[in-house]
Amino acid sequence: MTAISPRELQVPRTRTEGQVVERRNRHLAVRVPHYFALVVIGILSLFPIYFMAVTGLKNGVQLQENPFNIAIAHPFGTFYVLAWNYLKGDLLRTTLIVVSSVAGIVALGMLSAYTFARMEFFGSTFLFYAIFGLLLIPSFLTLIPLFLEVKGMGLLDNPLALILPYIAGGQAFAIFVFRSSIQGIPEELFEAARVDGASHLRMLTRIAAPLCRPIMIAVALLNITAFWGDYVFPSLVLGVPQSTVAMAIGNFLQPAAVPDVNLVNMQFAAYTIVSIPMIVLFLIFLKYFISGMSSGAVKL
Amino acid sequence: MVREGVAGRDVSTPRSSRVTQRKIARTLKAWAFLLPTFIFIGFFCYWPAARALEGAFTTWDGVSAPIWTGLKNFEQLFHDSLFLGAFEHLFWWTVIGIPAGMGASLLVALLIYRLGNPRAEYWFRVAFSLTLCLPGIVGILTWQNFYEIGGVLDVILKDVGLGSFATAWLANPHTALGALIFLGFPWVGAFAMLVFYAGLQAIPHEILDAAKVDGVSSWRRVFHIELPLIRGQLKVILVLSIIGISQNLLVPLLLTQGGPNNTTWTPVLYMYENAFEYAQMGYALAIAFILFVLSLAFALLTMRFLRSDNERRKRVA
């Protein structure tokens with residue numbers, strides 16, 4: 001801080017308008033390469049989304065002519081209609097599976113996280129690390145025994161074969177994040193509630209849960225996107241008639257009405273339809289997500 | 001079971017025992033709250049994990065009872081050229097993929113951070129975050145199409161006059177593994193980018209102002225101020241990337257299944273095929289065991305290495 005050059009000190013406090021504009025222009029000129037680089041990288045990153053949506057509108061011949069432009073096959077949106085009919089049952093089924101799994105994760109996760117954050121009991125440290133340690137167990141390690149276990153329970157081809165393991169698998173991360181969030185709530189709020197005779201369950205539902213809503217939404221979103229696109233485990237435990245959307249697009253069955261040349265267009269229409277719910281959800285909760293991620297909490 | 005109300009009945013009960021009883025009651029209540037979570041993770045996390053570790057030492061077809069065979073699976077694996085090749089592929093994937101992914105995410109985070117215009121910064125973050133909501137399988141299948149003969153990649157090569165290089169990228173043994181690693185170009189991870197950006201934002205203004213006054217160049221600012229100060233974020237993303245890349249089953253499973261000419265096997269894919277194509281559960285679990293131990297050790301080593309480096313710096317300063 002001692003190295004302030006005399007030149008720096010001589011900068012007049014009030015500048016004329018011309019100087020301000022000139023400064024801003026110079027500032028922008030310095031930033032132009034930054035904007036340019038960001039726009040180029042951004043276009044490359046988002047190109048698959050554009051390509052997907054546009055290819056669903058073309059037919060096979062139009063795609064071969066030029067994969068980059070926007071062309072419309074007649075009748076408009078025909079492949080989107082075909083893909084919708086192909087996917088609508090799977091969309092409903094996957095939605096039910098994802099919603100019940102995420103509800104289970106958030107509800108049980110909040111209950112346990114509240115217990116660890118607010119209650120003193122024997123074995124709390126040990127039990128917390130028993131849950132935290134699960135974060136170190138990769139999914140590939142448990143994949144095979146989990147499949148055999150679900151099969152042994154007679155749950156094959158049943159949505160519960162996904163819902164129950166999903167709820168279990170989401171606990172560790174949710175509890176870890178929720179616990180630190182609940183610990184951040186001012187003690188006075190709980191103290192006031194306790195003086196009024198509130199039980200733990202009441203404090204959980206009336207104080208902790210409303211104040212943790214942003215982090216609950218962030219955790220829910222992360223789980224929803226993971227489950228929505230999950231392919232490997234569902235394709236092991238569910239048959240084709242019980243497909244999730246990821247299975248339906250991963251093992252695409254060509255409908256008789258679609259000739260070979262246009263199959264790829266219907267596939268891309270299906271990819272777009274599968275992506276739309278995630279994009280919509282994301283745009284709705286964008287604010288929570290960006291602020292949750294930008295809070296600087298993620299580091300070691 | 002001792003209940004709180006019972007303790008109050010006897011006036012002569014020592015105070016300490018009443019406190020103990022209250023503690024027991026509190027503990028039981030807490031355990032009751034935790035019970036649902038533990039039922040779930042007991043059934044669907046601990047039990048399968050224990051079975052996995054135990055199964056690695058057995059011969060098991062998944063139907064009849066497993067037969068304990070000790071280290072036989074592991075001995076066999078060390079002579080299995082497909083398995084050893086799979087680790088070589090994973091090595092290249094890690095060595096190329098992680099620096100590329102982290103570098104791209106860091107570059108974008110730095111560029112956005114340097115814009116100096118909060119609104120522009122916000123909208124660029126939104127734009128790059130959009131890739132996060134594209135389901136992984138959709139991105140992979142889209143890239144599969146890019147790699148096809150006459151696909152987007154070939155069209156671009158032809159447009160820049162390199163059309164002779166066009167090939168069936170995923171079916172050519174010389175290009176298949178490279179194509180899988182290249183998938184997802186320009187590899188900007190939205191999650192990593194947001195974490196890095198958050199770290200950069202947290203750098204105190206005093207430090208940056210001091211640097212500006214001292215006339216520190218842009219490059220020096222990156223390497224001597226910004227990167228050291230987001231060390232924590234770099235570390236967490238590095239560890240997550242190491243763990244994530246060893247688990248990447250979907251890309252080779254959907255696109256190449258180990259082919260062509262066995263050039264794209266990865267350990268986790270080889271595990272999957274052994275279990276569900278050849279019904280060799282014990283052998284597959286031995287692969288899972290080795291991969292688990294190695295990736296865990298590697299992640300822990302990374303954390304350890306980076307920490308000690310950090311401490312050394314602090315001492316010098």
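How are α4(A) and α2(B) oriented to each other: roughly parallel or oblique? They are oblique. The legends below begin with that pair of helices in this predicted model.

**Figure 1. Helix α4 of chain A crosses helix α2 of chain B.** The crossing of α4(A) past α2(B) is left-handed. On the chain A side, the contact involves A:L108, A:L111, A:S112, A:T115 and A:F116. On the chain B side, α2(B) brings B:A30, B:F33, B:L34, B:P36, B:T37 and B:F40. Eight of the residues in this contact are nonpolar and three are polar. No charged residue takes part in the contact of α4(A) with α2(B).

**Figure 2. Chain A is built of helices, with zero strands.** Chain A holds 13 helices. Read along the sequence, its pattern is α-α-α-α-α-α-α-α-α-α-α-α-α. The chain has 300 residues, and 47% of them are buried. How much of the contact in chain A, at a separation of 6 or more, comes from residues 24 or more positions apart? Such pairs account for 70% of those contacts.

**Figure 3. Helices α9 and α10 of chain A meet at an angle of roughly 65°.** Helix α9(A) covers residues 200-211, and helix α10(A) covers residues 213-228. Their axes come within 5 Å. The angle lies in the range from 65 to 115 degrees, so α9(A) and α10(A) are roughly perpendicular to each other. From α9(A), the residues in contact are A:A209, A:P210 and A:L211. They meet A:R213, A:P214 and A:M216 of α10(A). Five residues of this contact are nonpolar, one is charged and none is polar.

**Figure 4. A:T272 sits buried in helix α13 of chain A.** The helix runs over residues 260-293. Is A:T272 buried or exposed? Its relative accessible area is 8%, which is under 20%, so A:T272 counts as buried. A polar atom of the A:T272 side chain lies 2.7 Å from the backbone oxygen of A:F268. The backbone oxygen of A:M52 lies 3.4 Å from a polar atom of that side chain. Leaving aside neighbours within four places in sequence, A:T272 is in contact with A:M52, A:A53 and A:Y80.

**Figure 5. A cis peptide bond joins A:H74 and A:P75.** Omega is about -10° at this bond. Most peptide bonds are trans. Where does A:P75 lie? A:P75 belongs to the loop between α3 (60-65) and α4 of chain A.

Figure 6. Most residues other than glycine have a negative phi. B:W187 has a relative accessible area of 30% and is partly exposed.

**Figure 7. B:N261 has a positive phi in a loop of chain B.** The loop lies between α13 (250-255) and α14 (267-276). B:N261 is not a glycine, yet its phi is about 55°. At 65% relative accessibility, B:N261 counts as exposed.

**Figure 8. B:W92 is partly exposed in helix α4 of chain B.** This helix covers residues 81-113. The relative accessibility of B:W92 is 39%. How many residues separate B:W92 and B:G178 in sequence? They are 86 residues apart, and 9.1 Å apart in space, C-alpha to C-alpha. Leaving aside neighbours within four places in sequence, B:W92 is in contact with B:G97 and B:I181.

**Figure 9. Helix α6 of chain B is mostly covered.** The helix spans residues 136-146. Of its 11 residues, nine are buried. Among them are B:I137, B:V138, B:I140, B:L141, B:W143 and B:F146. B:G139, B:T142 and B:N145 are also buried.

Key: Residues numbered from 1 in each chain as written. Chains lettered and ligands numbered in written order. Predicted model: local features only at pLDDT ≥ 70, side-chain atom pairs only at ≥ 80, totals over all residues. Heavy atoms only, no water. Helix = DSSP H or I, 4+ residues; strand = E, 2+ residues; numbered from the N terminus. Buried < 20%, exposed > 50% of the residue type's maximum accessible area, 1.4 Å probe, protein only. Polar contact = N/O pair within 3.5 Å; in protein donor to acceptor, adjacent residues only side chain to side chain. Contact = heavy atoms within 4.5 Å. Axes fitted to C-alpha atoms, helices over the stretch in contact; angles between N-to-C directions. Parallel < 35°, antiparallel > 145°, perpendicular 65-115°, else oblique. Nonpolar A, V, L, I, M, F, W, Y, C, P; charged D, E, K, R; others polar. Left-handed = near helix turned anticlockwise from the far one by under 90°.
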